[in-house]
Amino acid sequence: MPSRPEQPAYPNWLTPHDSSPCLRSSNPTISIIVPARNEAKNLEVILPQLPQVHEVILVDGNSVDGTVETAQRVLPGIKVINQTRKGKGNALACGFEAATGDIIVMFDADGSADPAEIPAFIETLVTGADVAKGSRFRKGGGSEDLTLFRSGGNLGLNLICNIILGTKYSDLCYGYNAFWRDVLPAIELLDSSLPMPATGGMLWGDGFEIETILTCRFAAAKLRVTEVPSFEKNRIHGESNLNAISDGIRVLKTIFDEKRRENAALAAVRNQPAIMADEAVTAPIRIDAEQEVA
């Protein structure tokens, strides 16, 4: 990607390099995935703030406000792809499939995510984590957007998730995450090439439930997850499509659906010869808790 003036100083593992990607490199390439639908005004502000990395991929959801043109103007060299179905989940899956970097960073287009936090996510991965999960409730994190009602709902959903999955997440419903690209097969997201339902709706996993699905599958895959304090800003322009009640119900349904999925997978393993089951089943994941909960 062409160099850009007035970029902040970042560690060398956020600098593009020409070496071939290798598994768990100490100097990994970074792919930033930005799903967007009609976010031209926000992208004009946020894209120039991104660090210079291997690639930034904009996944466009049939925008009609000049989102693609704006992105290409303010960030020459950005890679643009079109999502294949509807919803944020499908957009992320398309971006993940297109990524070529060693590490994938999920980055919202509305301006709520702080680009300056990316180095902390990458450092967490380079020092041993499979997944760096943003948390607004770790010491040093926070939010301008969470209402008291939504915060209470999030804490309640966290408690249910941790009891059911045996985890210690502090922030279930937050989508600022980064992970090594080599964990994608273990997550098993829907293939982007699957056709859209005849009704024109979304497949399960194509919508906002994607963030909870990822959180649950990180746990089911026994990945090493480390939470990173993150501060959520208000959306810069426009209105959020989130609804506290309906999306809370969707998150709750996702937790139970994902637990049933995990149980079915474990049952299939147990039906295999005993030696195979012994090799396949490991202890439940535990989130690193090196920092105090805010």
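## Cavity

A cavity is a set of points, on a 1 Å grid over the protein atoms alone, where a 1.4 Å probe fits but cannot get out. Grid points are joined across faces, edges and corners, and a volume is the space filled by probe spheres set on the points. In this predicted model, a search of the whole structure turns up one cavity of 30 Å³ or more. The largest cavity holds about 40 Å³ of space. Its lining is made of Leu165, Cys216, Arg217, Ala220, Glu258, Arg261 and Glu262; a lining residue has an atom within 4 Å of a point. Two elements, α7 (210-220) and α8 (244-270), each give two or more residues to this lining.

Take Glu258, one of the lining residues. Glu258 sits in helix α8. Is Glu258 buried or exposed? Glu258 counts as buried because its relative accessibility is 6%. Buried means under 20% relative accessible area, exposed means over 50%, and partly exposed is in between (1.4 Å probe, protein chains only). Leaving out residues up to four places away in sequence, Glu258 touches Ile213, Cys216 and Arg217. A contact means heavy atoms within 4.5 Å.

## How the model is read

Residues are numbered from 1 along each chain as its sequence is written, and side-chain values use heavy atoms, with hydrogens and water left out. The model is predicted: local features need pLDDT of at least 70, side-chain atom pairs count only at pLDDT 80 or more, and totals for chains, interfaces and linings use all residues.

## The whole chain

The protein chain has nine helices and nine strands. Helices (H or I, at least four residues) and strands (E, at least two) are DSSP runs, numbered from the N terminus. Of the 294 residues, 49% count as buried. Among contacts with a separation of 6 or more, 79% join residues 24 or more positions apart.

The accessible surface comes to about 13,800 Å². Carbon and sulfur atoms own 55% of that surface. Such areas come from the Shrake-Rupley method with a 1.4 Å probe; for residues, only the protein chains shown count as cover.

## Strands side by side

Two strands pair if DSSP finds at least two bridges between them. β1 and β4 pair in the parallel sense over four bridges. Here Ile33 has Met106 in β4 as its bridge partner. β4 and β7 pair in the antiparallel sense over three bridges. Ile104 has Phe179 in β7 as its bridge partner. In a regular strand the side chains alternate between the two faces of the sheet. β4 shows two such sides: Ile103 and Val105 point one way, Ile104 and Met106 point the other way, and all are buried.

β5 and β8 pair in the parallel sense over five bridges. Gly134 stands opposite Val228 in β8. All five of the five residues of β8 are buried. Val225, Glu227 and Pro229 lie on one side, with Thr226 and Val228 on the other.

Val131 lies in strand β5. Val131 counts as buried because its relative accessibility is 0%.

## Buried helices and the core

Which residues of helix α4 (residues 118-126) are buried? They are Ile118, Pro119, Phe121, Ile122, Thr124 and Leu125. Their cover includes β1 (30-36), β4 (103-106), β5 (131-135), β7 (177-180) and β8 (225-229). Helix α3 (residues 88-98) is largely enclosed by the rest of the structure, because 10 of its 11 residues are buried.

In soluble globular proteins, nonpolar side chains tend to be buried together. A nonpolar core is a set of buried Ala, Val, Leu, Ile, Met, Phe, Trp, Tyr and Cys residues joined through side-chain atoms within 4.5 Å. The largest nonpolar core here has 63 residues. Those with the most contacts inside it are Ile32, Leu43, Leu47, Val105, Phe107, Phe179 and Phe218. Leu47 touches Ala71, Val74, Leu75 and Ile78, not counting residues up to four places away in sequence.

## Positive phi

Most residues other than glycine have a negative phi. Asn38 has a positive phi near 55°. Asn38 lies in the loop between β1 and α1 (40-46). Asn38 counts as partly exposed because its relative accessibility is 29%. Glu188 also has a positive phi, of about 55°. Glu188 lies in the loop between α6 (184-187) and α7.

Notes
On a 1 Å grid over the protein atoms alone, a cavity is a set of points where a 1.4 Å probe fits but cannot get out, and a pocket is an open set with protein on both sides within 12 Å along at least five of seven lines; lining residues have an atom within 4 Å of a point.
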